[in-house]
Amino acid sequence: MAMARASSGLAYPDRFYAAATYAGFGGSPKSSSKGVTSKFSNDVALLLYALYQQATVGPCSLPKPRGWSPVEQSKWTSWNGLGNMASIEAMRLFVKILEEEDPGWYSRASNFISDPVVDVEMNHNSKMELPTKNEITLPEMKTIPTENGNSVDKDVMVEGVDSVSVYDQWVAPPVSGPRPKPRYEHAAAVVDDKMYIFGGNHNGRYLNDLQTLDLRNWTWSKVEVKANSEDPVRVTPCAGHSLIPWEGNKLISIAGHSKDASEAVNVKAFDLQTYTWSPMKTYGKPPVSRGGQSVTLVGANVVIFGGQDGNRTLLNDLHILDLETMTWDEIDTIGVSPSPRSDHAAAVHAERYLLIFGGGTHATCFNDLHVLDLKTMEWSRPSQQGEIPSPRAGHAGVTVGESWFIVGGGDNKSGVSETVVLNMSTLSWSVVTTVQGRVPLASEGLSLVLSSYNGEDILVSFGGYNGKYNNEVNLLKPSHKSTLQATKSGTPALDSGSGAQNATNGTRDVDVEFEAGQEAKVREISMDNNEPQIIEVNEVSERSIAALKAEKEDLESALNNEKSQSLQLKQELIEAETKNTDLYKELQSVRGQLAAEQSRCFKLEVDVAELRQKLQTMDTLQKEVEILQRQKAASEEAFAKQKQTSGGVWGWLAGAPPPAPTQKASDV
């Protein structure tokens, strides 16, 4: 059955072609993408084009355009980036993006879409089931048929929960009151025997209503939210969020997708006494806004893992919110963390181990199991035992003692019909029951809560999407056998800090005693000469237990040694980091001194350069002075010689002849 999330009642591929027609692709593989950009932004239009091509043509096999057209280049890049995404996944993602961009598209697309066909298989051979106009018709008391055709006797539901005497089977209680709108990706929590439902997705529109189901009389009613005069808050419609009970009188809503998304995760509280919403102020660095994450309450701390942000980017980060100080803390883990994913399930075991199961990306789903030790913050991926579930996303889970029940989910092709349980100590899976046909339990985005009556636990599911939106309520009473099935095989995989299983009433004491007796004394029957012989194996079991205990002691000793070495290495690492810090500070001090010296040297170099220029100028002046002095001396010498040879000025004026040249002695 088609598990894609869409807003109409049409089955695939009709739903996809209806959405494609509305978006402007013409509704057939040969249509073009003209007019798409007029309705959406360029990025969304390119993504829709790529998904349409992937769904109708397949993976991109065209060569990259060689022209300079940026539009063709972008279209090819967007299409080629989808790789080998399956056609049905491309159809599902196309419709989901259209819903997010234009939630009311289906109501405006009646001209393109024929009358809706509800609950139609992909082969279009199933019967049509037309919903009632108000969608609140009360169901008859009924049970959910199992895969082998057996069903629970209808008479067991006459008086409500207390009269249900059948275990490990889903039944539909006779609810009354105005039912909530069908929805999925909502959040649910139980406080004082009342199941509260908040938000979700209905026909592509996010919801912000708060509904309650009284689990004592199975009556629906809508909570009339009052305005908070002191600190008013606008309750934004959202889906993919989480709801947890706190302090007995509050519901805390965390994260979720919304039309007006904020940058960080939104946290708000609903007071069950005043019926008002209030924002919760947090400190520290909050996680980026997201939906489809897992939120697990561990003591007074909320552990958030993974999800998908507003840009459809898948995440695998880990954050913790301390509800006492309202402080966020982003955790740096060690080991190999789970791959980015959303719509997974999470549970805590022994207040120490966080388990992550399943989830998916835009193209595939997982069935892997990851465990985070909340003391050492180290991830591990232990081996799973028993009947390992198939890959799925959008499933829901609750814990009963050491048992983790998983219900619903899908793999982008069909819904998951089996309800499984994991023993969190042995990590062994077993199947509790399997439903038949397209029923709300085989849906994704459903909610699952745990309640208790007369010492017995009950699992209550609501809503989901499996080709149409659901608002059905179903319940299951897990038997003592279902909580112990996985324990019978496998060895302990996680340390158990929880106590005994929850008490059960006397209606199954005989079965429990019989099973306990059978487990305490195991017998093997062999045939010898056609006569059965019963061989006691108690001694073998005792030897095996002794060997396991010895092995456990050896492992614990080795683990203690490893922890001691790890502690020593951590201490050495701390000392090294301290030394490194001191050296870094010293280095910074030296760098500062060096920078000061470099500045002083630079100034000195400038002064030296100026002095050199002055010296060069002085040398030039000195040379000019020397030249002038030589010229002056030459002039004076020449003047003196002239004066001697001319007899003076007065002799020249008197007309006296110049003196005769003096004869040399050699001439005489």
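Predicted model: local features only at pLDDT ≥ 70, side-chain atom pairs only at ≥ 80, totals over all residues.

User: OK. What covers the buried residues of α2?

Analyst: The cover includes α1 (14–23), α3 (70–80) and α4 (87–101).

User: And how many residues of α2 are buried?

Analyst: 11 of its 15 residues are buried, so α2 is largely enclosed by the rest of the structure. Among them are Val-44, Leu-48, Leu-51 and Tyr-52.

User: What span should α2 have, and how far apart are its ends?

Analyst: Helix α2 covers residues 42–56, and at 1.5 Å a residue its 15 residues should span 21 Å. The end C-alpha atoms are 21 Å apart, which agrees.

User: What follows α2?

Analyst: Gly-58 follows, and its phi is positive, near 115°.

User: Which residues is Phe-94 in contact with?

Analyst: Leaving aside neighbours within four places in sequence, Phe-94 is in contact with Phe-16, Ala-19, Ala-20, Ala-23, Phe-25, Leu-48, Leu-51 and Tyr-52.

User: New topic, sheets. In what order do β16, β17, β18 and β19 sit?

Analyst: The order is β16-β17-β18-β19, in an open sheet with antiparallel pairing. At the edges are β16 (345–349) and β19 (378–380), each of which pairs on one side only. From one strand to the next, the twist averages 20°.

User: How many bridges join β18 to β19?

Analyst: Three bridges join them, with β18 being residues 369–373. Opposite Asp-373 stands Glu-378, in β19.

User: What holds strands together in general?

Analyst: Strands of a sheet pair through backbone hydrogen bonds, and the pairing can be parallel or antiparallel.

User: Then what is the pairing in the five-strand sheet?

Analyst: It is mixed, in an open sheet with the order β20-β24-β23-β22-β21. The edge strands are β20 (385–386) and β21 (396–400); each has a single partner strand, so one side of each has no neighbour in the sheet.

User: How do β22 and β23 run?

Analyst: They run antiparallel, with four bridges joining β22 (residues 403–407) to β23 (residues 418–423).

User: Where does Asp-411 lie?

Analyst: Asp-411 lies in the loop between β22 and β23. Its relative accessible area is 30%, so it counts as partly exposed.

User: What does Asp-411 touch?

Analyst: Not counting residues up to four places away in sequence, Asp-411 touches Cys-365 and Pro-391. The C-alpha atoms of Asp-411 and Glu-444 are separated by 9.0 Å, with the two residues 33 apart along the chain.

User: Where does UniProt place the "coiled-coil region"?

Analyst: The UniProt entry, which is unreviewed, puts that feature at residues 538–579 and 611–645. In this model residues 611–645 are 100% helix and 0% strand, and the end C-alpha atoms lie 51 Å apart.

User: Last one. How many helices and strands does the protein have?

Analyst: The protein has eight helices and 29 strands. Of its 668 residues, 42% are buried. Among contacts between residues at least 6 apart in sequence, 59% join residues at least 24 apart.

Note on methods. Residues numbered from 1 in each chain as written. Heavy atoms only, no water. Pairing = 2+ DSSP bridges. Helix = DSSP H or I, 4+ residues; strand = E, 2+ residues; numbered from the N terminus. Axes fitted to C-alpha atoms, helices over the stretch in contact; angles between N-to-C directions. Expected span 1.5 Å × (residues − 1). Buried < 20%, exposed > 50% of the residue type's maximum accessible area, 1.4 Å probe, protein only. Contact = heavy atoms within 4.5 Å. UniProt positions renumbered as here; feature names shortened; annotations may be inferred.
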